[in-house]
Amino acid sequence: MRAIRRFTVRTVLPAPLEPLGELAMNLRWSWHAETRALFESIDPDTWAAVGRDPVRLLGTVPNDKLGALADDRRFLARLRVAAEDLHEYLTGPRWYQTLSGTGASLAAPPAAIAYFSPEYGITAALPQYSGGLGILAGDHLKSASDLGVPIVGVGLLYRHGYFRQSLSRDGWQQERYPLLDPNELPLTLLRGADGAPARVVIGLPTGELHARIWKAQVGRVPLLLLDSDIEENEPAEREVTDRLYGGTSEHRLHQEMLLGIGGVRALRAFCEITGHPAPEVFHTNEGHAGFLGIERIREFTGTDGLDFDAALEAARAGTVFTTHTPVPAGIDRFGRDQIQRHFGGDLACPGVPVDRVLALGAETYPDGDPGVFNMAVMGLRLAQRANGVSKLHGRVSRGMFDGLWPGFDTTEVPITSITNGVHAPTWVDGDVTDLIAREAGVELAEDPAAWAAIDRLSAGSLWELRRALRAKLVAEARLRLRESWRQRGAGEAELGWIEGVLDPDVLTIGFARRVPSYKRLTLMLRDQDRLRSMLLHPERPVQIVIAGKAHPADEGGKRLIQDLVRFADGEDVRHRIVFLPDYDIAMAQHLYPGCDVWLNNPLRPLEACGTSGMKAALNGCLNLSILDGWWDEWYDGSNGWAIPTADGITDVDRRDDLEAAALYDLIENSVAARFYDRGPEGLPTRWLEMVRHTLATLGPKVPADRMVKDYVDVLYAPAALSGRAITGSAARELAEWKAHVRRSWPGVRVDHVESGGIGDAPEVGNTLNLRVFVSLGELAPADVEVQVVHGRVDDGDRIVDGTIAPLKAGRRDEHGRWFYEGSLALDRTGPFGYTVRVMPTHPLLAGPAELGLIAIPPESEGFAEGIALR
Ligand SMILES: *Cc1c(COP(=O)(O)O)cnc(C)c1O
């Protein structure tokens, strides 16, 4: 029988146990082992049964048990310690609080930063993520909390989260969408002073969309999640936050409007109710939240009385945009007609004309689609600062978007990069932390430099640790495999073989990720006989643990999973290769530490960064990967292996064949050979050297603390300074100046370049004197910078790694041309070249390419004169 109404009865804790409530509701437990141990001690069986979820634990433990605990003096003493520890964590000064006055841009760091993301992966107990993007967002918040960075997260609460995966008998992915009741999650409803739930409203063509605001507390960081499943909404609007990445384009647009526009409104409500300082910086994690910029423009046109252009400058100044997508096809796009319907007509806000909104997302480059509204392009136009997520991805992004900066070299496209990181206290297994604390006497959580102490561990204990982690994974994999086979319809009597699956002493390779085609889940199946012989090798066998979800609409991805499952079902190999369904954070936390080798074989350069390999590395697992994303940056020849890429080959099949063959060779000849090369006392000495080297060198680099500090330093603090400077009349003046420069730019020209000071045969040590004549039309010398770019030239006369130096403005001649001059020392032999160029300059620009305007000498494409130095 179906209930007509549903509600959740919350546990009332006896007074002495009340601190347990706060410990359960603050998600810091998810990266604080002592707090988890306290919960586990309440009732270890229930703790395991509820999936290590404190809120569910407290809702499940019977009242008499709680009553007994309330009288248990030893438990109460431990509870007091845990509660005090949390209190100290929440209130004491941390890294960020020591910053003031330490550097130009950090002298007055932002009072608060808003971080917008469509998904957050914090713990398996709050399943609001699909993969890397969400887990990165969760790790960002956790590290911000540890560092005391005053971030407020903003996202959506999806009633069904992302799907849960299981398999059919023949290995086809099955999807389930369990209903999540927010009352059973670690969330509290944001209420106003009158006790009524705070509400956010945005306009849609079909009517108003209302949402309430849930708050998750991630250590020191509040995370606001908007939820449209409320009675004020019509059924269709209630479903806006039904699930992550499901539904039509229209559905996604509504989600993104709620996230961006509703998110800013939720933030305002939160700050007003709680007195939290207003964010000075708005960071959008991927383009999905880009409409936040439109909402902030609306705010500035309303309260500050700015016109659209001035409001755009004010909003841009404090906005940071991070792109994660290395392929044009991966970018979020809507039809212009859709945007017209949602931001025009009756829905247009005064001061925010729809044609201006449309222009922000227009693909104005040569191969752009005129019918499309592009969220990444809007993201770049609405943010004064932008970045990719690894050095390689920064380069790829600059190339991908360079059409927005015509005339500029790709290297000068203003998209920087900050390499992703992972939250060490979440991802380093407790066994690793404990061993380092015990044998080396240092606490990893407190000091990143402590990774160096890995040298003090004996080879014996390191190997024992690795074996223990592998054994834990083997046990976990058997449990999960048994569960999976039950779901696939197998009876208990059929499953005796599962006890023999995987071996705690066999070289273990892990591979888990979402299943878009570029990640090539089935590359390892390219030559099945060869794979089989590696798995079954009599002396040097390999075992492989695989997991991953395909997007529900991705039939191709599901077929890949099926191919893999069918292979792994083979009776000859099933003890050496397993597919574990329902990859999530909880599984990942077992998987990374338990593997010896983490395999990643994407099609380069389509992996923007990748983070699973980082998490593996922090547990002493070695990476075996294509040189893509972070691995391209930090592979050093002895911390793992690089799978050679067949970059130039366009025939996809042939490329896969070549790269798969290289992979097999590496595994057989290098990886397995080294793993099974045992020295004194049966230890694989050279393998352990690599483990040690991985921990010592990657340990300090990959943690999210390093990443969040980089964001503060490179993006947040400068954005806050710009935001403070570009308000009110300054925003108006900047907008007017930009309009003036854009209008006048056709009149800007490099007319003539003269050089002197060197003869026909220039030599090192000569000085080249430059005289340049430029027309500036309506502009004045203060509006522009005239530069010389010089350096080595390649065969095509292009300047490589050029040095840029400004030229000095002189007088105006009788033709109205401005005269500039400067000199450069010829300090290197070989082919050398220079060119000159004119770009707008203004103290409030973040960089010279901001307007995308440049004037170069007409007869040259970035090169004026070549000289061969002797
Ligand atoms: C880290 C993580 C990911 C992302 O891994 P990639 O290497 O970026 O593919 C996906 N899912 C889970 C559960 C993770 O923990």
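Predicted model: local features only at pLDDT ≥ 70, side-chain atom pairs only at ≥ 80, totals over all residues.
Buried means under 20% relative accessible area.

**View 1. R837, a buried arginine in strand 29**. R837 has a relative accessible area of 6%, so the residue counts as buried. Its place is in strand 29, which runs over residues 830-840. Two polar contacts of the R837 side chain can be traced here. One, of 2.6 Å, joins it to the side chain of E412. Another, of 2.8 Å, joins it to the side chain of Q787. Leaving aside neighbours within four places in sequence, R837 is also in contact with E785, V786 and V789. I804, I854, A855 and I856 are in contact with R837 as well.

**View 2. Polar atoms around the ligand oxygens**. T611 takes part through its backbone: an N or O atom there lies 3.2 Å from an oxygen atom of the ligand. S612 uses its side chain, with an N or O atom 2.5 Å from a ligand oxygen. For K615, a polar side-chain atom lies 2.6 Å from an oxygen atom of the ligand. On its own, the ligand has 380 Å² of accessible area, and the protein covers 95% of it.

**View 3. The shell around the ligand**. There are 15 residues around the ligand. Among them, I135, K519, Y592, S612 and K615 come nearest. By class, the shell has 6 nonpolar, 5 polar and 4 charged residues. Helix 21 gives the most to this shell, with 3 residues.

**View 4. P326, a buried proline in a loop**. The loop that holds P326 is between strand 12 (319-322) and strand 13 (333-335). Is P326 buried or exposed? Its relative accessibility is 11%, so P326 counts as buried. G67 is 259 residues from P326 along the chain. The C-alpha atoms of these two residues are separated by 56 Å.

Methods
Residues numbered from 1 in each chain as written. Heavy atoms only, no water. Helix = DSSP H or I, 4+ residues; strand = E, 2+ residues; numbered from the N terminus. Buried < 20%, exposed > 50% of the residue type's maximum accessible area, 1.4 Å probe, protein only. Polar contact = N/O pair within 3.5 Å; in protein donor to acceptor, adjacent residues only side chain to side chain. Contact = heavy atoms within 4.5 Å. Near = heavy atom within 4 Å. Areas by Shrake-Rupley, 256 points an atom, 1.4 Å probe, with all protein chains shown as cover. Nonpolar A, V, L, I, M, F, W, Y, C, P; charged D, E, K, R; others polar.
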